[in-house]
Amino acid sequence: MTRSAEDQRIRQLRPAKMPRDAWRPIGVHWEDERNSEGELVPCLTIFLTGRECPFTCVFCDLWQYTLDAPTPPGALPAQIERALEEFGEPSDGTTVKLYNASNFFDDKAVPRADWPAIADLLTPFSRVVVESHPLLVGDSCVEFAKQLEGRLEVAMGLETVHPVALPRLNKKLTLESFDRAASILQAARIGIRSFVLVGAPFVPQAEAVDWAAQSVDYAQRRGSKVVSLIPVRGGNGEMQRLAALEVFFPPTAMQLERALDEALRLDQGIVLADLWDAEGLAGCSECRIARIERMDRLNRSGGGQPPITCQVCEEVDQPHDR
Ligand code: SF4
Ligand SMILES: [Zn+2]
C-alpha cells in the first residue's frame, strides 16, 4: 500500500517504537468472556508480534507493538506454542483470540505458509478470533476457517457510523466496505465481532454515547454477534494534535458506561466494554472506579446491574434509564 501524505504526516508524529522480538508474543491474557451465544467461557488472548498494519488510522496506538519488517515465516507458530505452554491445556468451550495489532489476512503479517501449523496448534479451542480490516476480508477467511477445528470469528473495526468522523479517521473504510465484508463472512457462516469507538475524534463530545450506540446497532444489523466498545486512547502524537484542536475529547468512564448501557438496551447481541487499561480513563474521582467495576459485572452478566449513584457528579451526569 502506498502511503498518502496524510499517512506520512500521522506517522511522523508517532513516538519511537520499542524493538520487538519476532519470536516472542507481546503478551498473553486470560479472562472469562461471554461468547456469541452468551455463555461465559474461558478466553485466552495471545497478543502476537508481527508486521505493522499498513493502514494508518488517526487513533491507532497498536503500531508500537509491531515489527517494521514482514513477520518471519515460522515465528507465529513459535509464539503461539510458547503462549499455550504458559496457559496449559484449555478446557471445553475455550475461545482463543489471536490479536496481531494488524490484519490476520495480510500475508506479510501472517504468512499463509504458517496457517496449517497455526490451525494445528489451535485444535483444542472451540472458537478462534482473529482481527482484520474489512478491506482484507475475502476468500482467504473462508479458506482459513476450513483449516480450523473450532469456529472462526473475524473481528473488524467499524469504529463509528458518524458520517463526518468515519472518513476522517483515515481508516480507508466506508460503510459499504464494512457491509461487503460482513456479507462475505455471514455467507460463509463465519462469526463477526466488531469494534466500536467511544469518544471517536470528530464526533461532538456531547454525542459520543449516542453515536457509539448507533454504531453498535449498525454492526449488529449486519450480523455482528459480539461488539466490543473501545474507549479511544490518546498518546500517539496525532491524538494530542486533535485534542488541541478540540476535535478529540478523551472519553470518560461514565461515557463508556453509558454507551454500554445504551447498547445493551438494544438487546440485539453481546456487547462488551473493553476495560483494558480502564484505570487510565478520565472521569469523576469519586465514582470512576465503581463505574469500571460495574462495567466488568455487565461484561460478565449482560445486564441487571443497578446504576451507580454519585454525590459528586450526579447532578451533572446521572446514569439514565430512558
Ligand atoms: S486498521 Fe487497526 S491496526 Fe491498522 S492502523 Fe487502523 S486501528 Fe491500527
Ligand atoms: Zn461521580
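Predicted model: local features only at pLDDT ≥ 70, side-chain atom pairs only at ≥ 80, totals over all residues.
Local features are taken at pLDDT of at least 70 and side-chain atom pairs at pLDDT 80 or more, while totals for chains, interfaces and linings use all residues. Residues count from 1 along each chain as its sequence is written, and chains are lettered from A and ligands numbered from 1 in the order in which they are written.

**View 1. The largest nonpolar core, with 83 residues.** A core here is a set of buried Ala, Val, Leu, Ile, Met, Phe, Trp, Tyr and Cys residues joined through C-beta atoms within 7 Å. Buried means 20 or more other C-beta atoms within 10 Å of the residue's own, exposed means 12 or fewer, and partly exposed is in between, with C-beta atoms placed from the backbone. Ala212 and Leu229 have the most contacts inside this core. Helix H7 (residues 208–221) gives the most to this core, 8 residues. Helices (H or I, at least four residues) and strands (E, at least two) are DSSP runs numbered from the N terminus.

**View 2. What surrounds Leu229?** Skipping residues up to four places away in sequence, its partners include Val196, Val198, Ala212, Leu256 and Asp274. Contact means C-beta atoms, placed from the backbone, within 7 Å.

**View 3. H7 packing with helix H9 (residues 253–266).** The two helices pack at about 35°, with axes 9 Å apart; axes are lines fitted to C-alpha atoms over the stretch in contact, and angles run from 0 to 180 degrees between N-to-C directions. On the H7 side, the contact includes Ala208, Ala212 and Val216, and on the H9 side Ala259, Ala263 and Leu266 are among those taking part.

**View 4. Strand S8 (residues 270–273) beside strand S7 (residues 226–231).** S7 and S8 pair in the parallel sense over 4 bridges, where pairing takes at least two DSSP bridges. Val226 has Ile270 of S8 as its bridge partner. In a regular strand, side chains alternate between the two faces of the sheet. Ile270 and Leu272 point one way from S8, Val271 and Ala273 the other, and all are buried.

**View 5. Positive phi at Lys172 and at Asp267.** Neither is a glycine: phi is near 60° in Lys172 and near 55° in Asp267. Lys172 is found in the loop between helix H5 (165–168) and helix H6 (175–187). Lys172 is partly exposed because it has 17 other C-beta atoms within 10 Å. Asp267 lies in the loop between H9 and S8, and Asp267 counts as exposed because it has 10 C-beta neighbours inside 10 Å.

Definitions and conventions: Contact = placed C-beta atoms within 7 Å.
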